[in-house]
Amino acid sequence: MNNAISRRDILSRAGGGFGGMVLASMLGNLVDTKTSSAAGAGYNVIPKRPDHAPRANAVIQLFMHGGPSHVDLLDPKPLLNKYDGKTPPGGVNDDEARTTYLLGSPFKFKKHGESGVEFSELLPNIANHADEIAVIRSMFTEHRNHEQAIWMANTGLIRSGRPNIGAWAAYGLGTENQNLPAYIALPDPNGLPVDGIRNWSNGWLPPVYQGTAFRSEGLAVPNLTPESPRSVEVELARNNLLAKLNDRHKVQHPGELELDARIASFELAARMQLTATNSLDLAQETAATHRLYGLDNDKTRPYGRRCLMARRLIERGVRFVQVFMRGQPWDTHTENVKGTRDCCAQTDLPVAGLLTDLRQRGLLDSTLVQWGGEFGRTPGAEQRSNKQKGHEGRDHHPYGFSIWLAGGGIQGGQTRGATDEFGYRSVIDRTQTADLHATILHLLGLDHETLTYAHSGRDERLTDVYEAKVLESLLV
Amino acid sequence: MFSMRYALTCLFLLIGSTLSIGAEKKDEPAKLTFEQDVLPILKAKCHKCHSGAKAKAGLDLTTRRGVLRGGQSGAAVRRAAAESSLLWDRIAAGEMPPKGDSLTDKEKGLVRSWINDGALSESGEADSAGSEIAVYEIDDQARKFWSFQPPQKAALPEVNDVARVRTPIDTFVLKQLEENGLTLSPEASRATLIRRTHFDLLGLPPTPEDVQAFVSDKRVDSYDRLIDRLLAHPAYGERWGRHWLDVAGYTDSAGILFEDRALPLAYRYRDYVIRAFNKNKPYDRFLQEQIAGDELVDYWHHFDNDDSLSNEIVEAITATGYLRCAADPSRPDFSKIKNADSQYFYPTINDTMQIVSTSTMGVTLQCARCHDHMFDPIPQEDFYRIQSIFMGAYRPTNWIPQMERRLTSLSKSQEVVAKQRNKEIDAKIKELNGQISKLRQDFKARRFEVELAKLPEELRDGVREAIVTAADKRDETQRQYAVKYEALLQPDDKKLDELLPSEFPEYVESLGKLNEQIITERARWYAYDEIRAIYDLPGEVPTPFLRRGDALTPAHHVSPGALTVLNATVEFQWPRPAAEAKTSGRRLAFARWLTDPGHPLAARVMVNRIWLHHFGRGIVATPDDFGNAGSPPSHPKLLDWLAVEFVESGWSIKHVHRLIMTSSTYRQRADLKSETPISERKQTDPHSIDPDNRLLWRQRLRRLEAEALRDAVLHVAGSLNTQFFGPPVPTHRWATGEITVAKEADPYRRSVYIQNRRLYPLTMLRTFDQPTMETNCTLRSQSTVSTQALTLLNSGAMIKAADSFAGRVLAERDDNVAARAVWLAFGRPPGQDEVSFLQEFVEAQQQRYSKTLEEGSSLVERRRLAVADMCHMLLSANEFIYID
């Protein structure tokens, strides 16, 4: 596979015209982003050559804030059910002493597809994609608080302020559509996920790699259009005047590329108005597609809209899309059964719809879909308010949990690793976050060890000092 | 496949049965100790290999100290964190012991619990693994690195183009240019110079009148007068204070967690910084106050003995807000979190150290937290010695929650009076509130009876019975009654507060009286300022060396110190305080060390920072890293000359501004001289010789920073509110995700006063690269992205500013709006061509509006819209956004 990106490619991707010319000229003067430490200069999202042939061109991350209960969804534990309501054999206290007795899962698991990967009855639609999905049952993380664990999951360390993996992808690869941001976050229009805008922060990477939050209702981004719309001719005349002023200024500053880039940024903004609006216009999709994502149903519509938007954005060349829920709905400290059931009712069908749609459009092979939260939930019952049988909660659980990957170079129909018989601790093929990150970057054609950025006297990388390994067994 | 699964299951059962989800703790059981509970197990199962001088993998498990110290793979145990302790990891995974009997379930449980109990010893041995740290020798080669040598004033070099030499700076710059066959560019125009200097010193553009006055000022010292005038302008402190706030990491919120709690008191430090710059506070004093203001002015002595605190003392403790800028989300309930010290408290100290070292010393001290510095001669031990400086105040094991860590502007005697009086008032108000709730209860009961009486008689007893019965005790009928009548008879408090006043006038009357009493009491309140300061706590200050930077693997204790590599030049001296001293004096000792006139780094770093903001790039391009991994200085002799001059001037920042700004180097043109294509350029073309302009053969074209851009827009629009100081202007996050100034607040204050919440920065400012303060920002990024264009063209704030600008222009020069608008926006006379195309635009745009606006729109309205469009484009133009 030839990954060289020609000048002509860029011109065509940038939509040609003047902006394209400027981009091409900027490209000619590109500093190597991987070695330059001079802040600010020369960073852009023009497509960059990957380190090796990529398996995936894009990532859709379905982040499940709060920490989904692995033993109720992806990691069946017969022994846990057997010991339901009892203290575990052994008699050692939980190190946090927050749970009382073991809590079996009331949900039935079944083998699906030819591969026979097991899914809970709460995920009937996702389960239909069993042969496309690789479940990792042996994840563990390093913190039991939401924020720290979220930072771990998305930035590689349990401390704040680092770039999210989406920003790394944009930094390493740029984007194929200069009329849209390289990295887009899709939060619930009714509220941000826990940790807010930091979920798509560029950290100390240049701001151009920051995730842009698109709304799934109304204007995609703030200020895409003015509050009271202008007529086309009024708008055009304004733009022409600005161009005239800038041309006059530029004549006095020949060769200042920065000025050309800013002029181009205005032209790109104008195109972005069209492209962004267009990318959100779900009316362009057929009724069948709407049904596929559950847009015909109140329960699934909100999440379904964001899944469908994710596909439309990927289709238009966006590199990394994150889909979020409001707050942290999977954080089932009380009423685990009810809470988990509700989250699944909102998301199972749309997520399955996304997988189906991607496959039908031939996009699944080149799009990596990642599903998971910041940690799992305790196999034991949490001793908060409601202790009535069937109403217990589960607490945060960092020692062992599950996530899944599909598409984009992933060999579906398999599980990796295992927790112990109670779902407590990851014991077989323990998978650290850095391994997952290295794998995602690898699929995108990037090497986690060479994708570095000089910051505060250090060559920083997503996987920091971890000895991370690509999870080869998951790859096609 | 099947047999494999079977095998796994057997293994799981084994591990599973040691599981740790256990019975609820009823009584606090005695904690496990190494000697009693763990040593016998290790002896039986592990000592065969892990003991003695030739212990396998260097891991000796015969003593607790040996366990804590660990072996080749690192510490075997992290205190109170079994799940991330290697010892537990290997045992739990069944990897250890590799041969012979495994640990029984019970034994495994004991090891795990012992770690989680804190890895204690029976004898109460200190929480330290002892010192096994190799002695770090700083070799002479490392010590000789340029930035660790004290700066020297070199003799001014001889140059050819003496006519261009205005200040010593020019000789250094010219020398290097001439060595490369180059020279300075011609001086910029007067209009360019006044615009450049205004933005550099005030962050605001000159008015047309300023420009005209300067251009026509023929006095020989007119330029020097301009600089003097600007340096004396109070907006200078806002502009340069903002630069300092970047490196201090100042924000108005606590950060870290999603809550991102607003800090209502932080602004006092911001105001202190602005005042300090305006007063030209000597930089050494400025640093001493920020690091150790309390110790410098002997705060506790004055607190104990004075009737009231002088302004000087209040100012000095306010300055220590610098050490409170690091994110600190701590709340009182954090003490209950397990390992809160390593999770929340140490990060605040570490960030504070990073802020101090990058802002004042240009060393990446944070790199030495987990191991010796990779590039610079900074042993890991230095990190903890410097950490010890701050441990007098910031104690991970005795943490004061951030909102409680504050001093007041009162002396002790005043505090006694204030506390006594306010306590009485509190008690009185509490009592009055009690009366209010009793009053409400009484009327609630009365109301219940009134409403119950309205029901059919046969229902009343049953309903009453149902309502008074607890919800989970009701029988089926009672549940039915409750569903039907509870909301009516027993509304919730919110509803009740709506209903009672309308139904019972006597309730309103009694309530009014009580509320009035509360207001009277409140008015008697002894009001005083609270100050977000730093101060030491009494008692010993242990500072453990943390192996691999991990608070759960502490080693030996260290004494306070500073950078060892500088010992030969400036030695850190700390007289141990008397036992009863209220403050340890560590921070003052450090501040004095740092501001020693011979300190190799402090002055260099600051003059480099000043240079950076006058040229867009420092003499050292990495202002936070003067070490081996940083950029070497482009003009080393100049940097040193400036650093020494800075100290000799009494650390006068304004003196350095003057030196720089009056130089020919600063006053050069920024626009490129050559239009020759690269391929045809001659050898002598500066573009070929020095394409990056490292040697400064011209000034640099610079984009306005976020704050300067927003402030300039408001200034030109005539709407800037120049009010100084005070609590931050609140912001609001809209459903669209946009963050603007809150509706009820003044949208026209300067940007430095706008609330800067870490998670909710003002969209306009963030879009133009206002930094996200995770720790601090030593160098701003600069992006050119289309969201900036969208913000300029479509944001409400810009549309409003364009309209004000139009109103102003129409009022000032209705006869020639184009010329006036160009003067205001660009600070120069308009060109003929410009005036004509702008006028044409306004006229044509008026026509366009007459087509789109509804019937009956007046000519005045259409003209205003058209002029506003012109103004809007001027404010979005490159000539406005960039300074030459």
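This is a predicted model: local features need pLDDT of at least 70, side-chain atom pairs count only at pLDDT 80 or more; totals for chains, interfaces and linings use all residues.
How many of the six residues of strand E1 (residues 58-63) of chain A are buried? Five of them are, so strand E1 of chain A is largely enclosed by the rest of the structure.

**Chain A: overall make-up**

- Chain A contains 13 helices and 18 strands, and 61% of its 476 residues count as buried.
- When the contacts in chain A between residues at least 6 apart in sequence are considered, 76% of them join residues at least 24 apart.

**Chain A: strand E1 and its partners**

- Strand E1 of chain A, in which five of the six residues are buried, pairs in the parallel sense with strand E9 (residues 367-372) of chain A, and six bridges make up this pairing.
- Within that pairing, A:Gln61 has A:Gln370 of E9(A) as its bridge partner.
- E1(A) also runs parallel to strand E8 (residues 320-323) of chain A, to which it is joined by four bridges, and here A:Ile60 has A:Val321 of E8(A) as its bridge partner.

**Chain A: the surroundings of A:Lys48**

- A:Lys48 is placed in the loop that lies between helix H2 (17-28) and E1 of chain A.
- A:Lys48 counts as buried, because 22 C-beta neighbours lie inside 10 Å and the cut-off for a buried residue is 20 or more.
- Once its neighbours within four places in sequence are left aside, A:Lys48 is in contact with A:Gly172, A:Leu173 and A:Gly174.
- A:Lys48 and A:Gly390, which are 342 residues apart in sequence, are 53 Å apart in space from C-alpha to C-alpha.

**The contact between chains A and B**

- On the chain A side, 85 residues are in contact with 84 residues of chain B.
- The elements of chain A that each supply at least two residues to the side touching chain B are strand E2 (99-102), strand E7 (212-213), helix H8 (232-251), helix H9 (257-280) and strand E16 (426-428).
- H8(A) gives the most to this side of chain A, contributing 11 residues.
- By class, the residues of chain A on the side that touches chain B comprise 38 nonpolar, 26 polar and 21 charged.

**Chain B: domains**

- Chain B is divided into domain 1 (14-20 + 28-116), domain 2 (185-233), domain 3 (282-409 + 533-594), domain 4 (412-528) and domain 5 (796-883).
- Between domain 2 of chain B and domain 4 of chain B, the C-alpha centres lie 67 Å apart.

**Chain B: the packing of helices H29 and H32**

- Helix H29 (residues 706-717) of chain B and helix H32 (residues 796-812) of chain B have axes that come within 8 Å and cross at roughly 30°, which means that H29(B) is roughly parallel to H32(B), given that angles under 35 degrees count as such.
- Sorted by class, the residues in the contact of H29(B) with H32(B) are seven nonpolar, one polar and one charged.

- B:Glu315 and B:Gly293 are 22 residues apart in sequence, and their C-alpha atoms are 8.2 Å apart in space.

Definitions and conventions:
Residues are numbered from 1 along each chain as its sequence is written. Chains are lettered from A and ligands numbered from 1 in the order in which they are written. Two residues are in contact if their C-beta atoms, placed from the backbone, lie within 7 Å. Ala, Val, Leu, Ile, Met, Phe, Trp, Tyr, Cys and Pro count as nonpolar, Asp, Glu, Lys and Arg as charged, and the others, Gly among them, as polar. Domain bounds come from an automatic or database domain assignment. A residue is buried if 20 or more other C-beta atoms lie within 10 Å of its own, exposed if 12 or fewer, and partly exposed in between; C-beta atoms are placed from the backbone. Axes are lines fitted to C-alpha atoms, for helices over the stretch in contact, and angles run from 0 to 180 degrees between N-to-C directions. Angles under 35 degrees count as roughly parallel, over 145 as roughly antiparallel, 65 to 115 as roughly perpendicular and the rest as oblique. Two strands pair if DSSP finds at least two bridges between them.
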